[in-house]
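My notes follow in the order I checked them.

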Amino acid sequence: MGGYGSGRTSSKQIAEQCKSLDVNRFHRDGCLRPGSSGNWVWSRDGEEVERINYRAEERRLVLDYKVRVYGGDWEPISQPIRITHVDCNYGNKRPYFMCPGVVNGRHCGRRVGKLFSGGRYFLCRHCYRIAYASQSEARYDRMLRRANKLRMALGGEPGTAYLIALKPKGMWQRTYQRKRREITWCESQADHLFIAKYANILSKEEREMFLNLDIIAR
Ligand SMILES: [Zn+2]
């Protein structure tokens, strides 16, 4: 046994701004090693908000939890999520979730760093956007576009699944740090907007749980 809730690390240390799973966090804490299992806990102000069980297998992470959608009965869910490792700079490998979403009959399979939950399953933000698209996404799109433009201007790849590029030669450190902060800010705004918008279709209980969480601009 390893990971949160199994002694080594206090679950109280995890304060999420929403119910999301970050593959890098799992990786950092050794929770993706096959055989590793435990509880993943979301907390707010030091209070536990929710927890799910996870266990890592060869190339996948299995989540076990119970959900009650729209105030219905609690139902047990077991959701396997494929994990893939991709070469990144310096000969290292980075893990990614392969989104298990099936939206409008199409399997998603996107390589993502974060999965979100609001209903039954943990899916990537694209899946939730397609499933619950609305007109009010202009600002969300703008934030991500701006972040991607900045990311590419620094010589990196667009998308939050990638690390922000290293400082280009000849750029002032201060300028670089400012651009990094702007990217992070845009992306956290996008996350915030995403959650706020998605909250419209949540049940009352879920809405309370999500929206009472402190949203921290990082
Ligand atoms: Zn997806």
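**Charged pairs**

I began with a network: salt bridges link Arg55, Glu57, Arg60 and Asp64. I noted that the model is predicted.

I then looked up one link in that network. The side chains of Arg55 and Asp64 form a salt bridge, at 3.0 Å from N to O. I checked how open each partner is. Arg55 is partly exposed at 33% relative accessibility. Asp64 is also partly exposed, with a relative accessible area of 25%.

Next I asked how many salt bridges the structure holds. I found seven.

I turned to Arg51. Its side chain meets that of Glu48 in a salt bridge of 2.7 Å, N to O. Arg51 has a relative accessible area of 37% and is partly exposed. Glu48 is partly exposed too, at 37% relative accessibility.

Then I went to Arg151 and Glu187. Their side chains form a salt bridge, 2.7 Å from N to O. This pair links distant parts of the chain, 36 residues apart. Arg151 belongs to helix H3 (residues 138-153), and Glu187 to helix H4 (residues 173-198). Are these two partners buried or exposed? Arg151 is buried, because its relative accessible area of 4% is under the 20% cut-off. Glu187 is buried as well, at 11%.

**Aromatic rings**

I counted rings next and got six aromatic pairs. I looked at Phe26 and Trp40 in detail. Their ring centres are 3.9 Å apart and their planes stand at 15°, so I logged the pair as stacked. Phe26 lies in helix H1 (residues 23-28) and Trp40 in strand E2 (residues 37-44), so the pair ties together parts 14 residues apart in sequence. Phe26 is buried, with a relative accessible area of 0%. Trp40 is buried, with a value of 0%.

Which other ring did I find paired with Phe26? Phe97 forms an edge-to-face pair with Phe26, at 6.5 Å centre to centre and 75° between the planes. Phe97 lies in strand E6 (residues 93-98) and Phe26 in helix H1, so this pair ties together parts 71 residues apart in sequence. I checked Phe97 for burial: at 0% relative accessibility, Phe97 counts as buried.

I also noted the wider group. Phe26, Trp40, Tyr54 and Phe97 make up one aromatic cluster.

**A charge over a ring**

The charged end of Arg111 sits over the ring of Tyr96, 4.8 Å from the ring centre.

Key
Residues numbered from 1 in each chain as written. Predicted model: local features only at pLDDT ≥ 70, side-chain atom pairs only at ≥ 80, totals over all residues. Heavy atoms only, no water. Salt bridge = Lys/Arg side-chain N within 4 Å of Asp/Glu carboxyl O. Buried < 20%, exposed > 50% of the residue type's maximum accessible area, 1.4 Å probe, protein only. Helix = DSSP H or I, 4+ residues; strand = E, 2+ residues; numbered from the N terminus. Phe/Tyr/Trp six-rings, centres within 6.5 Å; stacked < 30°, edge-to-face > 60°. Lys NZ or Arg CZ within 6 Å of the ring centre and 35° of its normal.
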